[in-house]
Amino acid sequence: MEQVLVVNRAALEARLGPGPFLSQNLETIRQFILDHHTFLPREQAEYDNTVRQIIPYVILRRGRHYFLLRRLKKQTETRLHEKLSLGVGGHINPTEEADDPIAAGLWRELSEEVTLSQITSLTCVGLINETTGGVSDYHTALVYLLETTGEVTVRETEKMSGSWASPQELSAVFDRLETWSQIVLEEVISPNAV
């Protein structure tokens, strides 16, 4: 049974401001997560509103373009539904319990989903604590911006595809983006678009 990293919801949210996106005091919050996390079975954590599952959510940028993933989700045996995402990420497991399980989980997820060359920088740029219902009520994202000058290729081509898109192209597909990607586009990408 998969175990996932969680923190106490009330304690975490006491450190956050209003709204779904936070860009201040990120290192303090990240350190709080590192100091106060525990692991729960994923089946329990998915429905436990006393905890938040922490997800590293990495946005890939090359120049002025962002890597847009088209995730294929089976809805029936004969039909696929396309969801668009700007983030690479997932749960953090106990096998990553090290000095920094957040970083370890982030690098594992990246290596599972994409092949990267020439990483220039990786910076934590925000936190998403969206509570509008559904799966978001149980997950909090630490948003990272990874800068690259090289190629990025998708590993699991049966599950997703990817391509580079400008901020204008992302705005054109806003309604097809998953909620966290919509927040990232509004809060991280659009304010910096020139």
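Biologist: In which strand does Ile 119 lie?

Modeller: Ile 119 lies in strand β9; strands are DSSP runs of E with at least two residues, helices are runs of H or I with at least four, and both are numbered from the N terminus. This is a predicted model, in which local features need pLDDT of at least 70 and side-chain atom pairs count only at pLDDT 80 or more, while totals for chains, interfaces and linings use all residues. Residues are numbered from 1 along each chain as its sequence is written, and side-chain values use heavy atoms, with hydrogens and water left out.

Biologist: Why is Ile 119 called partly exposed?

Modeller: Buried means under 20% relative accessible area, exposed means over 50%, and partly exposed is in between, with a 1.4 Å probe and protein chains only. Ile 119 has a relative accessible area of 39%, so Ile 119 is partly exposed.

Biologist: Why is Arg 30 called buried?

Modeller: The relative accessible area of Arg 30 is 13%, which is under 20%, so Arg 30 counts as buried. Arg 30 lies in helix α2.

Biologist: What does Arg 30 touch?

Modeller: Contact means heavy atoms within 4.5 Å. Leaving aside residues up to four places away in sequence, Arg 30 touches Asp 100, Ile 102, Leu 142 and Tyr 144.

Biologist: What makes a set of residues a nonpolar core?

Modeller: The members are buried Ala, Val, Leu, Ile, Met, Phe, Trp, Tyr and Cys residues joined through side-chain atoms within 4.5 Å. The largest such core here has 30 residues, and Leu 12, Ile 33, Ile 54, Leu 60, Phe 67 and Leu 110 touch the most other members. Its largest share, five residues, comes from α2.

Biologist: Which residues does Ile 54 touch?

Modeller: Among them are Leu 5, Val 7, Leu 12, Ile 33 and Leu 142, not counting residues up to four places away in sequence. A second, separate core of 22 residues includes Ile 55, Tyr 57, Leu 86 and Val 173.

Biologist: What makes β4 and β10 a pair?

Modeller: Two strands pair if DSSP finds at least two bridges between them. β4 and β10 have nine bridges, in the parallel sense, so they pair. The partner of Pro 56 in β10 is Leu 142.

Biologist: In which sense do β9 and β10 pair?

Modeller: They pair in the antiparallel sense, over eight bridges. Gly 126 has Val 143 as its bridge partner in β10.

Biologist: How many residues of β10 are buried?

Modeller: Ten of its ten residues are buried. Both faces are covered, with Ala 141 and Val 143 among the buried residues on one side and Thr 140 and Leu 142 among those on the other.
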